[in-house]
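Please find below some brief notes on how the two parts of this chain meet. They are set out as numbered points.

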Amino acid sequence: MKSEIQSRWNYCWIDGRKVEWAESVEVTNPATGEEIGYIPNGGEELAIKAVDAAHQAFPAWSKQPGPERSRYLKEWARRIQAKSTELAQLLSQEQGKPVSEAEGELRVAAEFVEWYAEEAKRIYGEVIPPSRSNHRITVLRQPVGVAALITPWNYPAAMVTRKVAPALAAGCTVVMKPPKETPLIAVALFEELMATGLPDGVANLVTGKASAIGQAWLTDSRVRKLSFTGSTEVGKMLMRQAADQVKRLSLELGGNAPAIVFSDADLDKAADAIVDNKFENCGQMCNGINLIYAHREIADALTERITDRVRQLKVGEGSQPGMQVGPLINEEARHKVSSLIEDARKKGAEIRVGGEELFEKGSFYAPTVLSGVDDSMKLTQEEVFGPVAPILAFDKEEEVIARSNRTPYGLAAYLFTQDVSRIHRVSEALEFGMVGVNGTSLSFPQAPFGGIKESGMGREGGHHGLKEFLELKYIATVLD
């Protein structure tokens, strides 16, 4: 299997062609530590070649009618669906998540492509009533230009299509860099995109040195748009660098999502939803729950329900049947989780289940529930990004809103209550870009996914995500 992956995916895509490179970097399976393949370790030279191709392809692609662009996207979605089993195996190997989760991610990836295949036909302008009888005021929406897309490792298939599909639907051409941890699935998805007959240069993929590639794109005036998903620290750096050319930005950055459970909530449903969200992808989810605020009246009962469910989770290599939780992405991530739990333990938190590293091979950490957590502990202030469920008690609605809003992040928040008035009151008071009520699913093709404050700017999904790749042009015409 290793040799097949090495020979099949060790290339980039530039101007519709496979491009190999003398220097390469290995890709490893976080569940075993074993090498599973190589990718080109490209840098500035490959990054510029990709922009050359995208820039040359832009005039023709941007003038393609929406239904024509839609045709390529529909075929891409069909091909992803047809090869989802094979692609899920590859995704599980390089990212570590269970195959069942990888299959779900591929379904979502295809759904985003299907959605934007339809949206490509619906890029509407406006005719505005004029102030004078001999004037006409029209507004056009036109593609931004070459768009640079940088994707993360935690959802390496879905994030490719969430960025590429709306950009292509809008009429942009793209250059993309996947993460060094999980590049193989991106190369594989691009192979399916190229198989649709997409014109040369419309979509280009470069792997390798993140800083060199990013710098080349940020300083190239032909790149008019940058879409990045990753850490807030890197996002801030990209903002500073993009300022020199006033590039348009979409940034989906860190999060510190609270889940607030009020005393009137259905505790079984709340526990199910919280565990499903918290331990998906081993807790490595930007909109994943970071803190569980339980009303003091039901804190013990909710803690017991969550602990019972977490104790039953099956942890292991993703390719093994029945596994529900895979490894963290690497040893650095596991060390961070261990240190945050140790800090909480020293400050009085109780480990109800988990709290230990697992297995001799791979970067596994046991799904963990902590009670007795308070705001002095580091894991309440930082994004844990791991399989840890800290439970904090609260007494009043106003108190928990203030504690939740204290974070500089503002991506997602969740609340559980049967009180309709409270649903509206708390949802509107929480300073987050997305709020889940009595459930924790937020990623849908038709909905605007994204955050506020230091969690970023811009949206992915729905017609809002399409507009991120479109410019407004206002035309005032004087008639004879």
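Predicted model: local features only at pLDDT ≥ 70, side-chain atom pairs only at ≥ 80, totals over all residues.

**Notes on the domain contact**

1. Residues are numbered from 1 along each chain as its sequence is written, and side-chain values use heavy atoms, with hydrogens and water left out.

2. Domain 1 covers 12-253 + 455-476 and domain 2 covers 257-437; the bounds come from an automatic or database domain assignment. Their centres, taken over C-alpha atoms, lie 31 Å apart. Domain 1 brings 23 residues to the contact and domain 2 brings 25 (heavy atoms within 4.5 Å).

3. About 1900 Å² is buried between domain 1 and domain 2, with 53% of that from carbon and sulfur atoms. Buried area here is the accessible area (1.4 Å probe) that two parts lose on being put together, summed over both. On the domain 1 side, Trp153, Tyr155 and Ser455 lose the most area to domain 2, together 26% of what that side buries.

4. Between domain 1 and domain 2 there are 9 residue pairs in polar contact, both residues at pLDDT 80 or more. A polar contact is a pair of N or O atoms within 3.5 Å; within protein, one must be able to donate a hydrogen and the other to accept it, and residues adjacent in sequence count only if both atoms are side-chain atoms.
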